[in-house]
Amino acid sequence: MQNTQIRTDEEFFVDPQRCIGCRACEMACAECETNGQTSMIHVDYVDRAVSPQTSVQVCMHCEDPACARVCPADAITKDEFGIVHTANTARCISCANCVLACPFGVPKKIETTQIMMKCNMCYDRTSAGKRPMCATVCPSGALWFGKREKMAQMRPHSTPVNTFFFGAQTVRTKVNIMMPAGSTALRVD
Amino acid sequence: MARLPATPEQLIAAFGPHKNYPPQQGFPGRDEPDRVVKTHCCFCGMQCGIKLLVKNNRVVGFDPWEEFPYNEGRLCPKGVQRYLQNNHPDRLLHPLERAEGTGFRRIGWDAALDRTVSEIRRIQATHGPHAFGMLSGVSLTNEKSYLVGKFARLALKTRNLDYNGRLCMVSAGAGNKKAFGLDRASNTYADLAHAEVIMICGTNVSETFPTLTHWIWQARDNGAKLIVVDPRQTPIARTADLHLPVRPGRDSALYGALLHQLVKHDWLDHDFIAQHTTGFQATAEAVKDYDLSWAERETGIVATDIMRAAEMWGRAKTSFLLHARGIEHHTKGVENVLSCINLVLATGRIGRPYCGYGTITGQGNGQGGREHGHKCDQLPGNRDIENPEHRAHVARVWGVPEPEIPHKGLTAYEIIEAIHRGEIRGLITICFNPLVSLPNNNYVRAAFEKLEHYTAIDFFLNETARHADIVLAGSLHEEEDGTVTTAEGRVVRIRQAVTPPGEARTDTEILLELARRLGAGDKFAFRNSEEIFTELRHASQGGTADYFGITYEKIEKTMGVFWPCPTLDHPGTPRLWEDRNFATPDGKAHFNPVSYRDPGETTDSEFPVILTTGRVVSQYLSGTQTRRIGRLVDQYPEPMLEIHPELAAKYGIRDGDLVRVATRRGSAEFPAQIVETIRPDTIFIPYHWPGRKSANQLTSGELDPISKIPEFKVCAAQLHPLGKPEPQADRATAFAST
């Protein structure tokens, strides 16, 4: 990659328990000109009938991204910084393999344009040394972008985890989820 | 006559609300703005810093302002979308005159101003000066708040000026003045960082002040325990260490019971009480019978949880208590506030690092707007309009004989009542939409229909302004320079990003021109906002809210100055009471005995359910602005009736069913949202919507005897299930309901 100021010492952290469901992240994400008013981050109630708890899902930028592996058109690539980019519009054939394959349910097929879209960690901002938009505006700290040491110092009761077990499958990601201190992985099944 | 000049549908077609969305690729020029303007969000008392992107005199986008110390770039959805209120198809571009049968017709400024002035003169000549009233609002800057106060007293010559702060923080203001002699949050939010216990009372922080959530979590990361008092499990209550789901209207019973336990277990700071307070004995005596079983009966909170809260608060070395409208919107609003302050004083935890107390001001300039004189009993600097010394000071600054300043007038809701009685016959409003925001609003509408003349200054034609005879196209937050004071007491700069579009004028220009035409031009010779601020500084000098040492330049340099700031070399006062020198006449903090009494309206066999109201994260106040921003409307399109499954089952209500809610004042239909996150004896409806979707058709106009705040937070209701879902079209058009 050329012409980049990506901060390799800064990482993305998601703490779902802090999500207040305000959707500032979705609205800020949709404002990005490359997203064309479509948010690449998604907030949902877990079960509104029993709790106001919401959860936020952003692309986890897997070390070995399933979306890229199943793409028959080689439209999805991971760069040297570990960012898994949204589908190359010239290549994407809109087969939705990636949508089905992603363990986190991140890629969306946009029906109007017949193209897959997903988060590229605000490449326009991060490549210019800025933080991703969602993590900049998040009012509660559910989304945070910065140095791992700073995170450890700020939130001593939590540990960042980036290993996930989906049944027999292990997925490692660039994005971290904050778990209770001492956790090492999140078992989803 | 101020009845609607056309059908509501005709008026909505012409003036909105219409939902504004940006073009898919954003507004042209967003990537190459002419200017990037550092200013603040207009949508709550946090006043988050934000950058507005300007192209060709239009706001075309936003960028986080990460250097501003309070929010460091953080925003809520309202902040992200606030730029869309500019560049909006509903924006009023010129003055309007009512046209019977068709709505409004465009007129020139001279005609509009002449008509307003001649009506003021006619009504005042016939019925006296106070027959013309004015209603203002605290989304206005400090400069405009000050200007409105001076305009009403010296140009309009009426005593009947009040403001929508009357629906916001007057209970807190009155309580703070009684206890501390001064009305401001005692601490900045930096003092949350190492508070051992944080108690937030009647404040849905995560939806009404979302960026404050960060500060609370920061404290929790440092080990703070969080107590949340709220009838609903709000998002902030969900993760709290202790959630006390108080029965609406019983707040002072809870705080009285907590004080009872502090006394019983001697969790008191005797030295502080002895040296720096008065009134403790009588206050302790007032709660001597408020034991746990009594408190459980009154508040509906299990006794063990009340005891846990008392112990957490009692044993802490540092603490921060925050409250908001949840305890203030009551006929006992002031008593509720005082009962909270008593807990702070009993433990002596104020005026020290990480020992804090404050109300969280709701409106954009809820703090500054309540200090500088557009309130019926107040002069600038938070002075008392009936105090001879205060009057003399302001008369000197204004260059008028003291008797020329009118005396205390009626409060906002009393003005509505006076219109019904025929005592007030003409009205001018700015920054206030009472048909949505005042309680029992069918009664309010009837008042507006009785007015002989009504002029509205606004940037959109809000639901109330539809009744106007003359509409003067004013300015948005981003169209004028000025200052506001945040909920922390930090005075910050609002920067003009664009000029008003079309023939619209700034609010300031409109008020100055009206003053000139009313013959008071010599008292209103301001050339810009900074000159108004300079006069405000002098007018506030020596008052409790002393801004004398604050200048635009100083604000620019320091990103905000905390008042009081009495001299130019004074650094400002982030934390009050460090010197233990309280602003009361005797220099002590005052305990105030609070005996519990019931809310103004209690449930009975006829009206058996408690109704409470509040806000949602995507809307602001009466929705004049936020019901015009597409994504904010879509996020929560219509008010829903939150109801517990037990109560729903009792009435056979299914999720999504329409329910007609009736109170002694009116009835309205809302779809049920069945959730376990509310007390089983209580229903909740958010209030931002107009017409048939307005929760304030139901609420009570009963007022706190001291603060005159209406009791929005509790009344008695009936439920009538309609057994069918709402038509889809009603949901889609709720933002513009008729």
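**Entry 1: two helices in chain B**

I looked up which residues of H5(B) and H15(B) meet. From H5(B) come Ser171(B), Ala172(B), Ala174(B), Gly175(B), Lys178(B) and Ala179(B). Facing them in H15(B) I listed Gly333(B), Val334(B), Val337(B), Leu338(B) and Ile341(B). I sorted the residues of this contact by class and got seven nonpolar, three polar and one charged. I note here that the model is predicted.

Next I took the geometry. H5 of chain B covers residues 170–180, and H15 of chain B covers residues 333–346. Their axes lie 8 Å apart, and the packing angle is about 50°.

**Entry 2: domains of chain B**

I looked up the domain assignment of chain B. Domain 1 is 25–85, and domain 3 is 170–359. Domain 4 is 609–736. Domain 2 is written in pieces: 96–164 + 369–476 + 507–526.

Then I turned to domains 1 and 4 of chain B. Their centres, taken over C-alpha atoms, are 31 Å apart. How many residues of each are in contact? I found eight from domain 1 of chain B and ten from domain 4 of chain B. On the domain 1 side I noted five nonpolar, two polar and one charged residues.

**Entry 3: where chain B touches chain A**

I moved on to the contact between the chains. Chain B gives 34 residues to it, and chain A gives 29. On the chain B side, I looked for elements that give two or more residues. They are strand E3 (58–64), helix H2 (77–81), helix H7 (212–221), helix H8 (235–238) and helix H23 (630–635). Which element has the largest share of this side? H7(B) does, with four residues. By class, the chain B side holds twelve nonpolar, 15 polar and seven charged residues.

**Entry 4: a proline in chain A**

I picked out Pro107(A). Pro107(A) sits in the loop between helix H3 (97–101) and strand E4 (108–110) of chain A. Is Pro107(A) buried or exposed? I counted 26 C-beta neighbours inside 10 Å. The cut-off for buried is 20 or more, so Pro107(A) counts as buried.

I then listed what Pro107(A) touches, leaving out residues up to four places away in sequence. The list is Cys67(A), Cys98(A), Val99(A), Cys102(A), Met116(A) and Lys118(A). Last, I compared positions with Pro180(A). Pro107(A) and Pro180(A) are 73 residues apart in sequence. From C-alpha to C-alpha, they are 28 Å apart in space.

Technical notes
Residues are numbered from 1 along each chain as its sequence is written. Chains are lettered from A and ligands numbered from 1 in the order in which they are written. This is a predicted model: local features need pLDDT of at least 70, side-chain atom pairs count only at pLDDT 80 or more; totals for chains, interfaces and linings use all residues. Axes are lines fitted to C-alpha atoms, for helices over the stretch in contact, and angles run from 0 to 180 degrees between N-to-C directions. Two residues are in contact if their C-beta atoms, placed from the backbone, lie within 7 Å. Ala, Val, Leu, Ile, Met, Phe, Trp, Tyr, Cys and Pro count as nonpolar, Asp, Glu, Lys and Arg as charged, and the others, Gly among them, as polar. Domain bounds come from an automatic or database domain assignment. A residue is buried if 20 or more other C-beta atoms lie within 10 Å of its own, exposed if 12 or fewer, and partly exposed in between; C-beta atoms are placed from the backbone.
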